[in-house]
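Hello,

Here is the structure I promised to pass on to you. Please open it and keep it beside you while you read my notes below.

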Amino acid sequence: MSRIGVFVCHCGENISRTVDVEQVAAKAALIPGVAYATDYKYMCSDPGQGLLKKAITEQKLSHIVVAACSPRMHELTFRKAVASAGLNPFLCEMANIREHCSWVHEDRTEATTKAIEIVTMMVERVKKNRTLDTITVPVTKRALVIGGGIAGIQAALDIADAGHQVVLVEREPSIGGHMAQLSETFPTLDCSQCIMTPKMVDVANHPNITMHTYSEIEQVDGYIGNFQVTVRKKARSVDEDKCTGCGICIEKCPIRKIPNSFDCNLGMRPAIYVPFPQAVPNTPVIDRENCTMFKTGKCGLCQKVCGPGAVDYQQQDQLVVEDVGAIVVATGFDLYNISEKPKGSPIKGYGEFGHGKIPDVIDGMTFERLASASGPTGGKILRPSDGKEPKQVVFIQCVGSRAREKGISYCSKICCMYTAKHTMLYKHKVHDGQAYVFFMDARVPGKSYDEFWRRAIEEEEAVYIRGMVSRLYQKGDKVVVMGSDIAVGVQAEIEADLVVLATAVQPRSGADRLAQKLGISYDNYQFYSEAHAKLRPVECATAGIYLAGACQGPKDIPDSVSQASAAAAKVMTLFAKDRLEREPIVAKINEAGCVGCFYCKKVCAYGAVEEKEIRDRQGNLIKIIAHINPGICAGCGTCQATCPSKSVELNGYTDEQIVAMIEAL
Amino acid sequence: MNQQISTTIYNDITDAVRKEAARILGDGTVTAVVGYTSTRRTGLTQPLVITDAKEADKLLFSETCVNNLAVYLTKAKKEIPKTGRIAIMVKGCDLKALVGLIGEAQLKREELYLIGLPCNGVLKSTTIPGTVLTVETIAPKCCECDVQTPVGCDFLPPCKPEQPELKAVYSAEIARLEAMSPRERWDYWQEQFSKCIKCYACRQVCPFCFCEQCLCDRNKPQMVETTPRPAGNFAWHIVRAMHLAGRCAGCAECERVCPMDIPLNLLNRKMAKELKELYDYEAGLEVNEKGPLASFNDKDDQSFIK
Amino acid sequence: MTANIENSFEPKIMAFVCTWCTYAGADLAGTSRMQYPANVRVLKFPCTGRIDPVFILKAFQQGADGVLISGCHPGDCHYIAGNFHARRRFAVFRKLLEFVGVDLNRLQFSWVSAAEGGKWVEVVTELTERIREMGPMTEFKELALTEQWSGMLESPELQEAYKQI
């Protein structure tokens, strides 16, 4: 039989002014099951809590109801007090008679009646409360970082420097991401490779970091603190341990004219290649689709000239399972591809901008490769069509971005800055050239950003025309750009030698498939969703998975690095404990009742439902039912409302507790 | 005009099914065949499970094959699928139920051998054994059937079903009720539900009522009163209709077996209509990873939410 | 409920709300000292996804004259998608209730965020006043009383039986 204690708080005068607290306590004492009811001026104060603890011991109370403010205010306070008196904290409930009663009603009779009903409701509920204990799950103190761009590199270094093991998985043959493709970075114009390569080398040499390059995530199982990630190490056809990076194979390869995607297909590479000279690891990869040996079985030159005998045509993909406790997703971005209309994508192409048909219309990354000293033109700005130096270059901003009608309504954040940078790079290389920029706004809010942008106009003589471009077309060997100059109010037509489009930033291809493997959410552009837009920007709703860099939204380098360090900090917080504590408000399956329809699994947003086999003593399978992982379950209860037989119960919000409340009214 | 409906294809189907059943039992493709057979009473059929090829001639198909045999693979008959691959005779409506069960992890498609039955309709439940199949005596569910030839079966006799124009009974009745005022509807359903004697035959015969312990049999807490008083009956039928929403195949067995002639399938058809209108969903046409109530869309109707 | 001197009807409203949005919004209405009718009794759920349609039935059977269900705006659910499931579930359930003759004006759904104290007050007040106009929900009360073992307590058979005692 319950011995419930009811404590009605005056809250100074906040409650007692409108609610007759003594009457509430008196009425509560009459409810069957209530062994002790009293009122007190400030229940949350030290003496108030002392009163509570004393009553529990002296009156041998089994359950507690504190009628006071909102549980969102003090439920934790009272539960801690109750726990310190030796009673399970989940046997204590609060009745909200302040925010929901005394503060919102004036009539004393009405308010008191309502308060009595609220207390009665909570008394009936608490009778059905069961003891619950905090859940703990073990934590594997190893982290997985997916993506080896600047964000992934930063996160990996931070976590590794803190003393934890890190596994870094990168899809391309080398780490570095898009930052490795850049020539100079804003707002300081330092050489991108120069600042990045030391970090890349640090990653390669770090004792705590294991790199899997030319690898992809195959499968993710498990949950926070206990992930099992299967990594597919694709076959390079070169043994990483034997290769010395001498490069003879690359020199001798007879197939030399394969477009190099690192150079935005302007430059060429052989069939056995490293993507760029400073690649980390400096181990070549054989492009099996274009290699004569793999296509016809003839050649084998690279293997013949390889001193250490590292070339291995029989090499197969390898699957490696890594046990990790946390995952940082840093898969980065790609630019909107103007040369093809994406199949099945809601995002439309820019037919009016030549759709990739006009060779001298390029995107921002291609311009970076032209400007880069290690690029296909050795750092000279040359037209892709005839290799001549362009004297008039037109830059067009917001191609794809901020265009709801094309399917992308967001701003890509980095283009205003990199276009200004491009005009400066161009001017530094082609002193008699003229850069024109068609723009809508100048979004340059960062530190030193506005000064940088103004420098492009005031010192580097870039001409900024506020207006949009309606059409590009080839005229002879020039590209005619038809746009408007709305400041002056005329149509502006420029015959350009080269046109650079600042195309929209999008997540990498395959972002949705990776998200589905991880069990994280993404928005309709496939940027990964953070747990809370303002207060939790580096975590996912799925516990144990963190976000860093442009995969979460368009981002420049300083912000990517900041977010990567923030994600690393979150990982380190997780690893600071050996076991992870969780609130026991989780769902639990009644194994006798569950019939394995898995509706709970279909509606669980957290993937907390697993399959469990029920066998008899002889080992025969009786049924396969659901099982809820208490380490992942967030406690929403959608499973229980969906289950037809109610074979799943949310501890703390069971059907019994709720029906008790309804029936009390 | 009491137009007769042709039942000649049923004989062809019976022959084809018998041959097929003998074959698949004989060569071990399946360990049992669940089908229909004749009963002691003339003009009626009953379910049958055979495990020997020699028994194949007991099987038949006719307009009296009203049972939904899907219930012979779940619930109280769970030991049948455990013996191996099972063949089952399915009309279009029964197949919809099986499709739903597969989607809910109760059965596996590869463990079933579907013997499809092209169907001109079955008799309604209130007929005297030996009645001829006509537009008057055909079951109301058959008037709105769109699966006369079941799709996706492992064996389908090559017979073409035919039906004359039939009046859509359920749709008409739903429309009639929708046109009433709320109070009139309340009174209509009170009259219907007060007949209920809580025999739970509807639950026992429904393939989707496979819960090991039904919600209404729980008493901690008691969500649904078990007494056959109007209040308890109302709660039972509403809860069952809600639990079946998006799953009910429309086999109308519940209505057939109800000893008190309560129009149960009317409720289920109304829910199916709403699900079609709200979420463009029809149960039983393909195996769904998630039903309409286990999935959602950003653009779901929320005109009723303030 | 209060036994009013004027004997006018006081609606009994039960509200099923989610902790993270509507309950917080109601708290905000409290801290802002906004005033509204005292007829509503709030039941706290972790998420609207937890609310079973059976609870609505239970509430009406228990004598509620009106039921309010309120949660986070779509996209804001603390548990990511609970309110999306609730939205579908209740869209379907209310069609069922309407079909069996329950007046849907007694069942209100709303999205009230933690910042919308004012909206909470508005929703509760509007519902209370609407139900006050409509009067008590007699359908379920009548249903509960129908066919108690011998029907009427005043039937001739009972009167006869009483006489014999």
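To begin, a word we will need: a residue is called buried under 20% relative accessible area, exposed over 50%, and partly exposed in between. Please also keep in mind that this is a predicted model.

With that scale, look at A:K413, which has 41% relative accessibility and so counts as partly exposed. A:D559 is partly exposed as well, because its value is 31%. A:K413 forms a salt bridge with A:D559, with 3.2 Å between the closest N and O atoms. A:K413 sits in the loop between β21 and α12 of chain A and A:D559 in helix α15, so the pair ties together parts that are 146 residues apart in sequence.

Now try A:D263 and A:R369, whose salt bridge has its closest N and O atoms 2.9 Å apart. This pair links a loop between β13 and β14 of chain A to helix α11 of chain A, 106 residues apart. Here A:D263 is buried at 8%, and A:R369 is buried at 2%.

Chain B has a pair to visit too: B:R247 and B:E104 meet in a salt bridge of 2.8 Å, N to O. They are 143 residues apart, and both are buried.

How many salt bridges does the structure hold over all chains? The count is 73. Some form a network, which links B:E178, B:K270, B:K273, B:E274, B:E277 and C:K95.

Enjoy exploring!

Terms used: Residues are numbered from 1 along each chain as its sequence is written. Chains are lettered from A and ligands numbered from 1 in the order in which they are written. This is a predicted model: local features need pLDDT of at least 70, side-chain atom pairs count only at pLDDT 80 or more; totals for chains, interfaces and linings use all residues. Side-chain values use heavy atoms; hydrogens and water are left out. A salt bridge is a side-chain nitrogen of Lys or Arg within 4 Å of a carboxyl oxygen of Asp or Glu. Helices (H or I, at least four residues) and strands (E, at least two) are DSSP runs, numbered from the N terminus. Buried means under 20% relative accessible area, exposed over 50%, partly exposed in between (1.4 Å probe, protein chains only).
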